Amino acid sequence: EGRSLVPRHYCLRHGFANPHHVLRTWRLQGSQDGQEWHTLRLHENDESLAKEASSVAGWAVGAGGRCYRHFRVLQHGKDSSRYDYLACCGIELYGELYLD
């Protein structure tokens with residue numbers, strides 16, 4: 001509370017100790033109030049995360065200069081093993097931080 005971020009980039013870390021169930025199709029979303037969500041980055045069959053334990057990848061975010069207080073990763077397709085597992089053990093957000 002009391003902080004907002006204009007996101008410019010973000011990184012995700014795959015969450016399993018084995019190479020299965022790697023994210024491939026998801027959305028990074030941001031919200032100011034936790035109710036209305038905006039898609040900041042859409043991933044469709046994205047193979048940036050390697051099929052290895054704890055792999056990391058990063059992407060640019062086009063937020064249009066808007067500030068957000070809440071962020072979420074919303075899976076909207078199957079993982080690399082064609083299941084509905086969302087395996088993520090970390091996210092880092094980079095951008096301009098504002099104090100409200």
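Rings of Phe, Tyr and Trp (its six-membered ring) pair if their centres lie within 6.5 Å; planes under 30 degrees apart count as stacked, over 60 as edge-to-face and the rest as tilted. By that rule, Tyr-10, Trp-26 and Trp-59 are linked into a cluster by ring pairs. This is a predicted model: local features need pLDDT of at least 70, side-chain atom pairs count only at pLDDT 80 or more, and totals for chains, interfaces and linings use all residues. Residues are numbered from 1 along each chain as its sequence is written, and side-chain values use heavy atoms, with hydrogens and water left out.

**Sheet β4-β1-β6**

- Strands are DSSP runs of E, at least two residues long, numbered from the N terminus.
- Three strands form an open sheet in the order β4-β1-β6, and the pairing is antiparallel.
- β4 (56-60) and β6 (88-99) are the edges; each has a single partner strand, so one side of each lacks a neighbour in the sheet.
- From one strand to the next, the twist averages 30°; axes are lines fitted to C-alpha atoms, and angles run from 0 to 180 degrees between N-to-C directions.
- Two strands pair if DSSP finds at least two bridges between them. β1 (residues 3-14) and β4 run antiparallel and are joined by 5 bridges.
- Arg-13 has Val-56 in β4 as its bridge partner.

**Sheet β3-β2-β5**

- Another open sheet of 3 strands has the order β3-β2-β5, again with antiparallel pairing.
- Its edge strands, β3 (38-43) and β5 (70-75), each pair on one side only.
- Neighbouring strands here are turned by 20° against each other on average, direction ignored.
- β2 and β3 run antiparallel, with 5 bridges between them.
- The bridge partner of Gln-29 in β3 is Thr-39.

**Nonpolar core**

- A nonpolar core is a set of buried Ala, Val, Leu, Ile, Met, Phe, Trp, Tyr and Cys residues joined through side-chain atoms within 4.5 Å.
- Buried means under 20% relative accessible area, exposed over 50%, and partly exposed in between (1.4 Å probe, protein chains only).
- The largest core has 13 residues; those with the most contacts inside it are Tyr-10, Leu-12, Trp-26, Leu-40, Leu-49, Trp-59 and Val-61.
- β1, β2 (26-31) and β4 each supply at least two residues of this core.
- Val-61 touches Pro-7, Arg-8, His-9, Tyr-10, Leu-28 and Leu-40, leaving aside residues up to four places away in sequence; contact means heavy atoms within 4.5 Å.

**Aromatic pairs**

- There are 3 aromatic pairs in the structure.
- Trp-26 and Trp-59 pair edge-to-face, at 5.4 Å centre to centre and 75° between the planes.
- This pair links distant parts of the chain: Trp-26 lies in strand β2 and Trp-59 in strand β4, 33 residues apart.
- Trp-26 is buried at 0% relative accessible area, and Trp-59 is buried at 6%.
- Tyr-68 and Phe-71 also pair edge-to-face, at 6.2 Å centre to centre and 65° between the planes.
- Tyr-68 is buried, with a relative accessible area of 3%, whereas Phe-71 is partly exposed at 23%.

**Cysteines**

- The whole structure has 0 disulfides; a disulfide is a pair of cysteine sulfur atoms within 2.5 Å.
- For Cys-11, the nearest cysteine sulfur is that of Cys-88, 11 Å away. Cys-11 is partly exposed, at 21% relative accessible area.
- For Cys-89, the nearest cysteine sulfur is also that of Cys-88, 6.5 Å away. Cys-89 is partly exposed, at 47%.

Technical notes: Helices (H or I, at least four residues) and strands (E, at least two) are DSSP runs, numbered from the N terminus.
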